[in-house]
Amino acid sequence: MISHAFQSPVVHHAPAFQVQPTSYLTKAKKPTARAFFWTAALAPFTAAVRTRAQAGRCYEVRKVSDKGFGAIALEPIASGQLVAEEEPALRWSGAEDEAELQECFDALSVQQKEALLELEDAFAERQGKTILGIARTNAFQAGEPSDPLLEEEEESRVLYLELSRFNHSCLPNCGVSWDDREGMLQVYAERDIAAGEELCLYYQDVRFPTPVRQERLISLGFQCACPVCVAADPVSDERRARMQQLIEELEESEDEKALELIQETLRLYDEERLTVISYRKMAAYKAYAHSMSLGNLSDAARWAKLAYKYCLQCHGPYHAQTKVLRAHANRVRS
């Protein structure tokens with residue numbers, strides 16, 4: 001299931017207004033005493049998660065060569081840093097219901113309407129853009145399951161006026177996380193990012209070889225021209241094809257074999273320089289579960305700590321999944 005933005009990388013103009021993200025740290029409660037040990041033990045990681053550009057935004061939306069507009073880092077950004085967050089301009093059931101979308105659109109201010117109509121419509125025909133076409137092109141899924149082992153469920157859809165400007169890459173440096181407490185979509189850095197780099201998300205699972213990725217992304221209204229797709233490296237395609245095989249094999253494997261497959265999966269991520277933290281979080285959590293099933297508490301503790309670290313990096317300290325993984329980490333330590 002596709003769970004990220006449905007957006008063409010070609011956009012026309014930056015929004016008329018600029019979103020000024022506010023830190024979630026000023027609104028969130030402090031970690032509980034039960035979580036203190038793990039928060040302290042992982043201080044380098046929580047520091048990275050909690051750090052963000054203090055003097056305003058750490059990126060700007062501007063023209064990016066022949067791709068239209070994109071988000072460009074204004075300064076170095078640390079892995080796990082909260083890059084941006086934004087409340088949705090539109091939120092609807094997710095159905096392709098023009099009447100429902102029109103009602104949501106009509107409730108916007110004039111300025112918001114103008115900004116929304118500047119977003120790409122990859123499905124526009126001769127008659128021009130439609131609200132439905134813009135929504136289909138730019139929608140994000142709202143909501144994530146609290147259990148890290150569950151796949152993302154169909155939820156309502158949301159549309160953002162600024163975060164929809166972040167382009168796609170099959171080797172992304174950023175990922176998104178839904179903050180249910182604040183009703184905001186957040187963007188986190190998946191790795192260290194240098195000033196001047198474009199900030200890119202991934203609109204769907206990138207663990208496929210180039211021809212499959214291209215076919216799936218064309219269905220969203222554009223042809224991907226990221227460095228990975230342009231290179232079309234056969235070795236890279238073999239690695240990504242194997243990643244898909246491993247996902248399927250893991251579902252049918254017993255504990256010991258599953259742990260071997262997870263180790264192979266993480267090696268492939270490293271070889272491919274694929275830093276999508278949510279993929280690594282899932283792998284580490286599955287390894288924790290299999291280690292617990294085998295009664296190997298020392299390995300389980302190691303995997304639980306790693307899964308918690310990854311969750312901090314891609315969701316922040318107050319996300320429901322982070323709380324679940326922190327509880328597992330404390331449990332196996334007890």
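Three bridges join strand S4 to strand S6 (residues 157–159), and the two run antiparallel. Arginine 91 stands opposite valine 158 in S6. The model is predicted: local features need pLDDT of at least 70, side-chain atom pairs count only at pLDDT 80 or more, and totals for chains, interfaces and linings use all residues. Residues are numbered from 1 along each chain as its sequence is written, and side-chain values use heavy atoms, with hydrogens and water left out.

The open sheet has three strands in the order S4-S6-S5, with antiparallel pairing. S4 (90–92) and S5 (140–141) are the edge strands, each pairing on one side only. Strands (E, at least two residues) and helices (H or I, at least four) are DSSP runs, numbered from the N terminus. Two strands pair if DSSP finds at least two bridges between them.

Now the rings. The whole structure holds five aromatic pairs. Rings of Phe, Tyr and Trp (its six-membered ring) pair if their centres lie within 6.5 Å; planes under 30 degrees apart count as stacked, over 60 as edge-to-face and the rest as tilted. Tyrosine 59 and phenylalanine 166 are edge-to-face, because their planes stand at 65 degrees, with centres 5.3 Å apart. Tyrosine 59 sits in strand S1 (residues 59–63), and phenylalanine 166 lies 107 residues away in the loop between S6 and strand S7 (167–168).

Tyrosine 269 and tyrosine 279 form a tilted pair, 6.1 Å centre to centre and 35 degrees between the planes. Ring pairs link Tyr202, Tyr269 and Tyr279 into a cluster.
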